[in-house]
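Hi there,

Here is the structure I promised to pass on. Have a look at it first, and then read on for what I found.

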Amino acid sequence: DPALCLAVEDSATGVTAAARAGCPVIGFTGTHHQPAAHARRLRGAGAGMAFNAMAELPALVSSFLRHA
């Protein structure tokens, strides 16, 4: 069941694909030179939220699992 997965994507194309597949998606902006603008693009493509540092990922996954 895709709804039980969590996709982490750094491109609008990846976010769109995961969202269309039915996966919850969070966007990663840490590799982009304009993270705030990129976060807006990722959220516009379907990401539920965006984050900038991979160090944040374990807490985000834990939160997802608690609310799944």
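**The aromatic pair**

Phe-28 and Phe-51 are both buried. Please keep in mind that this is a predicted model. The count of aromatic pairs comes to one. It is formed by Phe-28 and Phe-51, whose ring centres are 5.1 Å apart; their planes stand at 50 degrees, so the pair is tilted. Phe-28 belongs to strand β2 and Phe-51 to strand β3 (residues 49-51), so the pair ties together parts that are 23 residues apart in sequence.

**Around Thr-29**

Is Thr-29 buried or exposed? With a relative accessibility of 3%, Thr-29 counts as buried, because the cut-off for that is under 20%. The side chain of Thr-29 makes a polar contact of 3.0 Å with the side chain of Asn-52. Setting aside residues up to four places away in sequence, Thr-29 touches Pro-35, His-38, Ala-39, Leu-42, Ala-50, Phe-51 and Asn-52. So one member of the aromatic pair, Phe-51, is among the residues that Thr-29 touches.

**Helix α2 and its cover**

His-38, another of the residues touched by Thr-29, lies in helix α2. His-38 is buried as well, at a relative accessible area of 8%. Beyond residues up to four places away in sequence, His-38 touches Asp-10, Phe-28, Thr-29 and His-32.

Which residues of α2 are buried? They are Ala-37, His-38, Ala-39 and Leu-42. The cover over these buried residues includes β1 (7-9), α1 (12-21), β2 and β3. After α2 comes Gly-46, which has a positive phi, near 125 degrees.

**The nonpolar core**

Leu-42 turns up again here. The largest nonpolar core has seven residues in all: Ala-7, Val-15, Ala-18, Cys-23, Val-25, Leu-42 and Ala-47. Leaving out neighbours within four places in sequence, Ala-47 is in contact with Val-15, Val-25, Ile-26, Gly-27 and Leu-42.

I hope you enjoy looking through the structure, and do write back with any questions.

Best wishes

Conventions:
Residues numbered from 1 in each chain as written. Predicted model: local features only at pLDDT ≥ 70, side-chain atom pairs only at ≥ 80, totals over all residues. Heavy atoms only, no water. Buried < 20%, exposed > 50% of the residue type's maximum accessible area, 1.4 Å probe, protein only. Polar contact = N/O pair within 3.5 Å; in protein donor to acceptor, adjacent residues only side chain to side chain. Contact = heavy atoms within 4.5 Å. Core = buried A, V, L, I, M, F, W, Y, C linked by side-chain atoms within 4.5 Å. Helix = DSSP H or I, 4+ residues; strand = E, 2+ residues; numbered from the N terminus. Phe/Tyr/Trp six-rings, centres within 6.5 Å; stacked < 30°, edge-to-face > 60°.
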